Amino acid sequence: MGDICVPFIVRTMFKFLKKLKRKSIYGEFLDAKKEGKLNEFLDLQNPGEYELKYMEHPGAKVSTFDLNKALMDFYNRERESIAEAEEFFKNNRAIESIDNFAAFLYGQDNFQEDRLPGLSILLMRDSKEIEAVKFGILLAEYYNLENYYRALEIIRNLGEHPEFTYYSVRVLKNIMDGDKYVEEIYKNTFGMGKKIIEVANEIR
């Protein structure tokens with residue numbers, strides 16, 4: 001039995017260490033963009049397909065109790081807050097969470113908008129969970145994005161990949177020069193990304 005268990009343990013440890021060494025989603029995105037391989041990034045069959053369907057037929061909203069807790073922990077400078085948010089997004093989609101989260105946000109008497117950009121950037125730049133990155137983008141709807149160049153740069157970059165196009169366009173279209181940024185994304189995105197922007201323009 002010992003001989004059987006050792007290879008299994010070694011394989012498990014290798015997978016764990018590989019996950020620890022893995023770059024953030026945004027780090028992998030930048031590498032793929034630099035190498036001209038954005039179409040291979042994330043290795044998804046039809047990136048952006050769910051978002052496109054959601055635009056045409058909005059789905060259910062999910063409870064954000066655990067996500068709300070992560071926000072409060074972040075405000076209280078708890079170290080585990082980002083990990084809590086990532087854990088939530090292992091099983092939930094950003095697009096189905098943002099409305100209930102926003103309702104919770106605005107229901108807080110001590111809502112601090114100035115803390116949101118930090119959380120937004122951390123999720124977009126450092127997270128290894130795709131849905132957490134998307135949520136980081138959506139958070140930019142709730143602070144003055146034009147005052148945060150780093151956040152704006154990340155959102156404009158990520159929008160070039162169809163899996164993030166919906167989120168970037170949703171945020172950018174409401175700011176100064178937003179139409180220009182969306183046009184740039186349209187030129188650089190592909191597949192579902194272009195279709196998402198076309199549908200977004202029709203809705204407007």
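The model is a predicted one, in which local features need pLDDT of at least 70 and side-chain atom pairs count only at pLDDT 80 or more, whereas totals for chains, interfaces and linings use all residues. Residues are numbered from 1 along each chain as its sequence is written, and side-chain values use heavy atoms, with hydrogens and water left out.

Next, switch to a cartoon view. The protein has 12 helices and zero strands; helices (H or I, at least four residues) and strands (E, at least two) are DSSP runs, numbered from the N terminus.

The structure holds one cavity of 30 Å³ or more, a cavity being a set of points, on a 1 Å grid over the protein atoms alone, where a 1.4 Å probe fits but cannot get out. The largest cavity has a volume of about 50 Å³, volume being the space filled by probe spheres set on the points, which are joined across faces, edges and corners.

To display its lining (residues with an atom within 4 Å of a point), select Leu-67, Ala-70, Leu-71, Ser-81, Ala-85, Phe-101, Leu-119, Leu-123 and Phe-135. Helices H4 (65-75), H5 (81-88) and H7 (116-126) each give two or more residues to this lining. Finally, select H4, which supplies the largest share, three residues.

Terms used
1 Å grid on protein atoms, 1.4 Å probe; cavity = no way out; pocket = protein on both sides within 12 Å on 5 of 7 lines; lining within 4 Å.
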